[in-house]
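Hi,

Here is the structure I promised to pass on to you. Please have a look at it first, and then read on for what turned up.

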Amino acid sequence: MISTEVMGYLPYVRRLQDEHRKISEVVEQIQAAHFPHGDPVSRRNAQISTDLLIEQLYSLRTMLRDHFEEETTGGCMEEAISRLPRLAADMGVLEADHCSLLEQLDGVIASVQHEVFTGRASETIERRFNDFAEMLYDHEADENRLLEQGFNVGSEDIY
Ligand SMILES: [Fe+2]
Ligand SMILES: [Fe+2]
């Protein structure tokens with residue numbers, strides 16, 4: 001039985017989890033459009049595609065920055081910790097991830113811009129983006145788990 005108080009938080013939990021889904025979709029769209037089956041060759045030869053990639057990476061960065069800010073200031077994660085204080089250490093790790101994730105994404109953007117500037121393709125762009133994506137997915141999955149544990153609810157309660 002979910003208390004009325006927890007019920008009041010569920011829309012916020014749902015909102016954060018919906019954002020996680022949207023962010024994953026954007027990452028997958030970038031992978032599908034620019035790194036199809038490990039074949040970056042077509043992208044290398046298409047300037048328009050590189051310009052689009054830079055635009056999409058910046059847009060993803062803005063989306064992530066706003067999302068991270070909401071997580072750290074919105075109160076929902078904080079409330080989950082106050083209900084189950086043993087999660088505080090996990091939350092500390094997750095907050096530190098925010099900085100690392102933005103730095104990783106900045107590294108990808110810098111690699112793409114370097115490619116445009118020098119006219120030479122960087123072999124590492126796809127790998128760097130995939131490493132970033134993997135860390136992001138782990139991060140968001142840990143947050144979903146933290147929210148569910150903190151409020152003692154399952155995804156069937158949230159949706
Ligand atoms: Fe986060
Ligand atoms: Fe998140």
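At what angle do helix α4 and α6 pack, and how far apart are their axes? Please keep in mind that this is a predicted model. In it, α4 (residues 76–83) packs with α6 at an angle of about 50°, and the axes are 8 Å apart. Angles from 65 to 115 degrees would count as roughly perpendicular and those under 35 as roughly parallel, so α4 and α6 are oblique to each other. Their crossing is left-handed. On the α4 side, the contact is made by Ala80, Ile81 and Arg83, and on the α6 side by Leu146, Leu147 and Gly150. Sorted by class, the residues in this contact are four nonpolar, one polar and one charged.

Stepping back to the whole chain, the protein has seven helices and zero strands. Of its 159 residues, 16% are buried. If you take the contacts between residues at least 6 apart in sequence, 78% of them join residues at least 24 apart.

Now to the interior. In soluble globular proteins, nonpolar side chains tend to be buried together. Here, the largest nonpolar core has 11 residues: Val27, Leu53, Leu57, Leu60, Leu105, Val108, Val112, Ile125, Phe129, Phe132 and Leu136. Two or more residues each come from α3 (47–73), α5 (88–118) and α6, and the largest share, four residues, is from α6. Leaving aside residues up to four places away in sequence, Val27 touches Ala133 and Leu136. There is also a second, separate core of seven residues, including Tyr9, Ala80, Met91 and Phe151.

Tyr58 lies in helix α3. Is Tyr58 buried or exposed? With 12 other C-beta atoms within 10 Å, Tyr58 is exposed, because 12 or fewer is the cut-off for that class. The C-alpha atoms of Tyr58 and Leu105 are separated by 8.9 Å, though the two residues are 47 apart along the chain.

The other one is Asn152, in the loop between α6 (124–150) and α7 (155–158). Its phi is near 55°, a positive value in a residue other than glycine. Asn152 has 13 other C-beta atoms within 10 Å and is therefore partly exposed.

Best wishes

Conventions. Residues are numbered from 1 along each chain as its sequence is written. Chains are lettered from A and ligands numbered from 1 in the order in which they are written. This is a predicted model: local features need pLDDT of at least 70, side-chain atom pairs count only at pLDDT 80 or more; totals for chains, interfaces and linings use all residues. A residue is buried if 20 or more other C-beta atoms lie within 10 Å of its own, exposed if 12 or fewer, and partly exposed in between; C-beta atoms are placed from the backbone. A nonpolar core is a set of buried Ala, Val, Leu, Ile, Met, Phe, Trp, Tyr and Cys residues joined through C-beta atoms within 7 Å. Two residues are in contact if their C-beta atoms, placed from the backbone, lie within 7 Å. Axes are lines fitted to C-alpha atoms, for helices over the stretch in contact, and angles run from 0 to 180 degrees between N-to-C directions. Angles under 35 degrees count as roughly parallel, over 145 as roughly antiparallel, 65 to 115 as roughly perpendicular and the rest as oblique. A crossing is left-handed if the near helix is turned anticlockwise from the far one by less than a right angle, and right-handed if clockwise. Ala, Val, Leu, Ile, Met, Phe, Trp, Tyr, Cys and Pro count as nonpolar, Asp, Glu, Lys and Arg as charged, and the others, Gly among them, as polar.
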